[in-house]
Amino acid sequence: MIAREPTLARLAVAQDLLLSPYGLDEKHLKRALGEILVPGVDDADLYFQYTRAEGWSLEEGIVKTGSFSIDQGVGVRAVSGEKTAFAYSDDLSWTALLDAAHSVRAIGAQGQSLKAKVGARKVAKSRSLYAGLDPIATLDSSEKVALLEKVERLAKAKDPRVVQVMAGLASEYDVVLVARADGTLAADVRPLARLSVTVIAEQGGRREVGTGGGGGRFGLDRFDDALLQEYVDDAVRAALTNLESRPAPAGQMTVVLGPGWPGVLLHEAVGHGLEGDFNRKGSSAFSGRIGQRVAAKGVTVLDDGTIADRRGSLNVDDEGCASQKNVLIEDGILKGYIQDSLNARLMGVAPTGNGRRESYAHLPMPRMTNTYMLGGDRDPQEIIASIKKGLYATNFGGGQVDITSGKFVFSANQAWWVENGKLLYPVKGATIVGSGPESLKKITMIGNDLALDSGVGTCGKDGQSVPVGVGQPTLRIDGLTVGGTA
């Protein structure tokens, strides 16, 4: 048996799901794009998508809810300068596609019927970072229920103070097909799976919550006993730690961030400010600063959509560009921004494989994939030991950032008060306040323990949500403001 090249195999899957059942083929796509390309239209694309999703949740020992959905449709876009016209439909018929094409071409020159020629067919280069499988089909219903029940048993067996366990299992099979005005054809088959664990522990009338979990672009069968135990251990440990927590002190102090998920602070405070749309418009604190020092020496930040099986990774982005490993900051110097095709064209640079959208019903925009800081040469224990008085934070909850000023606010879900290099006690209610650009300059120690998160991140921007990854080593940042309850 001769195996088909992965890029062509994905294209065949997308055509079989999204075109053939509706009597469409590549000639129809080329004709639709030709209808859009009137004078004044600089670019155009068609984005077809088929998504099948399933979810299960367990609470109080019972699988209480289950969900299943199928969604499909096409988004049609025309771009003229900075302006964009967009239409979408869940009807994949030729009539609906042609109607959408006629709708968006109005952005071009009025009263002229001359059309530009669509580029010659070219299959876009793409990567092979994950298997093109349907994760929903990797376990049957009884196995999914058994997996959730096992999570509860493991959590309750871990410690008698665990009084309640909630677990969720989500999986998604996503197939996309992109056709562009320059003749580019691209497709991707994207699996996504996630397991979440929440436990409530009680002691002396006090109740606290801990969470764990993970996922990525693989099947549900990846959640083996070892991984389940790891997620459960994380959740139970967090809940029991919080049972011992005291009110957090407030003031300006040294803050050490643990490895992995705390990189969400980097994602929010720095990553969004490096997205091309904000910088093209001059609304980011990093606008116009390419080649300048924006962080302490040793700070190197990447956005990398090419890591195998990671939640934020993509074989191709939602505009048909192959994902890339982009160096944003190198040794403290700003090297570049995250770009989609529109902002890249207007800024005179190349796209970086970061054009992303929530679905066919949304416009693409520059978005992060897996954003992380590279490790340094310091031992993590040495970094903690260097704190005279300060905070050691290992997990974060919600946060927000103002792109223009770079100011951010984050709540620490798990943190310890440290004096003379010793972790004295866990604290609760700590809020970290600062400026992304200023915080980068205040990094004084970088650990050698770079870690990525377990695969749980979802990023929101302009009302759209996409899966992402974050990561970092242990970091010491001097002079951050901590809002507490003590």
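How many salt bridges does the rule count? In this predicted model, the count comes to 31 salt bridges. The report below sets these pairs beside the domain layout of the chain.

**Domains and annotated spans**

The protein chain is divided into domain 1, residues 4–244, and domain 2, residues 246–483. Their C-alpha centres are 23 Å apart. The composition of the two spans is set out here.

| Span | Helix | Strand | Distance between end C-alpha atoms |
|---|---|---|---|
| Residues 44–105 | 18% helix | 68% strand | 9 Å |
| Residues 135–243 | 34% helix | 46% strand | 37 Å |

The size of an interface is often given as the accessible area lost when the parts come together. Domain 1 and domain 2 bury about 3,600 Å² between them, and 50% of this area lies on carbon and sulfur atoms. On the side of domain 1, the residues that lose the most area to domain 2 are Arg127, Leu129 and Arg217, which together account for 16% of what that side buries.

Contact between domain 1 and domain 2 involves 50 residues from domain 1 and 42 residues from domain 2. Between the two domains, 26 residue pairs are in polar contact, with both residues at pLDDT 80 or more. Several elements of domain 1 each supply at least two residues to the side that touches domain 2, among them strand E1 (43–59), strand E2 (62–80), strand E5 (162–180) and helix H5 (225–243). By residue class, that side of domain 1 divides into 15 nonpolar, 16 polar and 19 charged residues.

**Salt bridges**

Side chains of opposite charge can pair when their charged atoms come close. Across the interface of domain 1 and domain 2, the rule finds six salt bridges. Arginine 345 forms a salt bridge with aspartate 42, and the closest N and O atoms of this pair are 3.8 Å apart.

Which residue forms a salt bridge with aspartate 45? The partner is arginine 180, with the closest N and O atoms 3.2 Å apart. This pair links distant parts of the chain: aspartate 45 belongs to strand E1 and arginine 180 to strand E5, 135 residues apart.

Note on methods:
Residues numbered from 1 in each chain as written. Predicted model: local features only at pLDDT ≥ 70, side-chain atom pairs only at ≥ 80, totals over all residues. Heavy atoms only, no water. Helix = DSSP H or I, 4+ residues; strand = E, 2+ residues; numbered from the N terminus. Domains from an automatic or database assignment. Contact = heavy atoms within 4.5 Å. Buried area = accessible area lost by both parts, 1.4 Å probe. Salt bridge = Lys/Arg side-chain N within 4 Å of Asp/Glu carboxyl O. Polar contact = N/O pair within 3.5 Å; in protein donor to acceptor, adjacent residues only side chain to side chain. Nonpolar A, V, L, I, M, F, W, Y, C, P; charged D, E, K, R; others polar.
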